[in-house]
Amino acid sequence: MNEPTLTIVVPCYNEEEALPETIRQLRALREALVAEKLISADSTLLFVDDGSRDATWDIIYKASLRYLEVKGLKLAHNAGHQNALLAGMFAAKTRSDCIVSIDADLQDDIAVIRDFVQKFQEGYEIVYGVRKRRDADTFFKRHTAQGFYKLMKAMGVDLVYNHADYRLMSRRVVEALERFEEVNLFLRGIVPLLGFRSTTVYYDRKERLAGTTKYPLKKMIAFALDGITSFSITPIRMISLLGFVSFFVSVLFGIYFLVLKFTGYTQTGWTSLITSIWLLGGLQLIALGLIGEYIGKIYKETKRRPRYIIDLDLFNLPLPQSRHSS
Ligand code: UDP
Ligand code: MG
């Protein structure tokens, strides 16, 4: 018997509406995969409560008492989607051969986890779930996402197109990830960098099971900015380039005004003066803001703060049998 042990890691933030159904469906899938002898019987589902303020943890905790395969990890505060994922993966890695990460709202078709595991058995260490279509997403989400991929590409960051955080990783991959000590770990950018044998599986993205998105515009912008600034210094280069161009243009203007002056035409324009002041002021502000963005990043990294703090870990408790032995 050498079926791999799989852990499905599910970050959950205020997901009380979707969770009961998510737990039901994932349990059924796990059951089926175990029956098909694709994964071992000690495969588990690990729900990471990312500091939710609703009944999310209650639901996870009760399910973990009821079903041995359901595990929970409770973070002490809202550490964010990426960190919740990392917390789950690192907690699960010693007891798993492979780990699948998936969102709690089941927008991603869970049936392809079967394909993920098959690919893993064929020797792939990373399997990316890629969305074939995104019809189910709102018009706004689709276009902002598209813009994000284009922008990242322009900035020289290699992302798997239309792949979010739905993927399988072998234990070796998770161990490699653990060696990236940067506090701000942008998984979608780092994982392709690792260079392990990888492949993709396509699926259709559905609508959210229940509840509302936990990624409002504000979080989306922060996510995109973090992604860019933690991977690319292109923005800084572009600012320098812009600086050179505007310097060159103002020299030309200077010459032009001098010529006007010496040809006796002294009505040099107030308009051009005020425009250049505003233009340069704007450019400087943009440049400062961007530099600040990177300095902020350095500031955060030098503090070496923990990415997340675990409140309760039901995954790495003594083995489940002990629960019934007393
Ligand atoms: N999530 C999280 N912490 C957060 C925000 C989101 O763990 O601070 C989880 C959320 O519960 C979900 C996943 O991250 O399982 C993706 O969020 P969501 O489905 O709301 O994002 P969308 O699909 O709208 O981009
Ligand atoms: Mg979602």
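At what angle do helix 5 and helix 8 pack, and how far apart are their axes?

A: Bear in mind that this is a predicted model. Helix 5 covers residues 139–154 and helix 8 covers residues 217–229; they pack at an angle of about 10°, and their axes are 11 Å apart. With angles under 35 degrees counting as roughly parallel, helix 5 and helix 8 are therefore roughly parallel to each other. As for handedness, helix 5 passes helix 8 in a right-handed crossing. On the helix 5 side, the contact is made by Thr144, Phe148, Leu151 and Met152, while helix 8 brings Met220, Ala224, Gly227 and Ile228. Sorted by class, that contact comes out as 6 nonpolar and 2 polar residues, with no charged ones.

Now for some context around the pair. UniProt, in an unreviewed entry, lists residues 7–176 as "domain: Glycosyltransferase 2-like". That stretch is 42% helix and 21% strand, and its end C-alpha atoms are 17 Å apart. The unreviewed entry also gives "transmembrane region" for residues 238–258 and 270–295. Residues 238–258 are 100% helix and 0% strand, with end C-alpha atoms 30 Å apart.

Then there's ligand 1, which has 16 residues around it; Pro11, Tyr13, Ala104, Thr213 and Lys214 come nearest. Strand 1 (6–12) and helix 3 (81–92) are the elements that give two or more residues to that shell. By class, the shell around ligand 1 splits into 6 nonpolar, 5 polar and 5 charged residues, whereas the contact of helix 5 with helix 8 has no charged residues.

Note on methods:
Residues numbered from 1 in each chain as written. Chains lettered and ligands numbered in written order. Predicted model: local features only at pLDDT ≥ 70, side-chain atom pairs only at ≥ 80, totals over all residues. UniProt positions renumbered as here; feature names shortened; annotations may be inferred. Helix = DSSP H or I, 4+ residues; strand = E, 2+ residues; numbered from the N terminus. Near = placed C-beta within 6 Å. Nonpolar A, V, L, I, M, F, W, Y, C, P; charged D, E, K, R; others polar. Axes fitted to C-alpha atoms, helices over the stretch in contact; angles between N-to-C directions. Parallel < 35°, antiparallel > 145°, perpendicular 65-115°, else oblique. Left-handed = near helix turned anticlockwise from the far one by under 90°. Contact = placed C-beta atoms within 7 Å.
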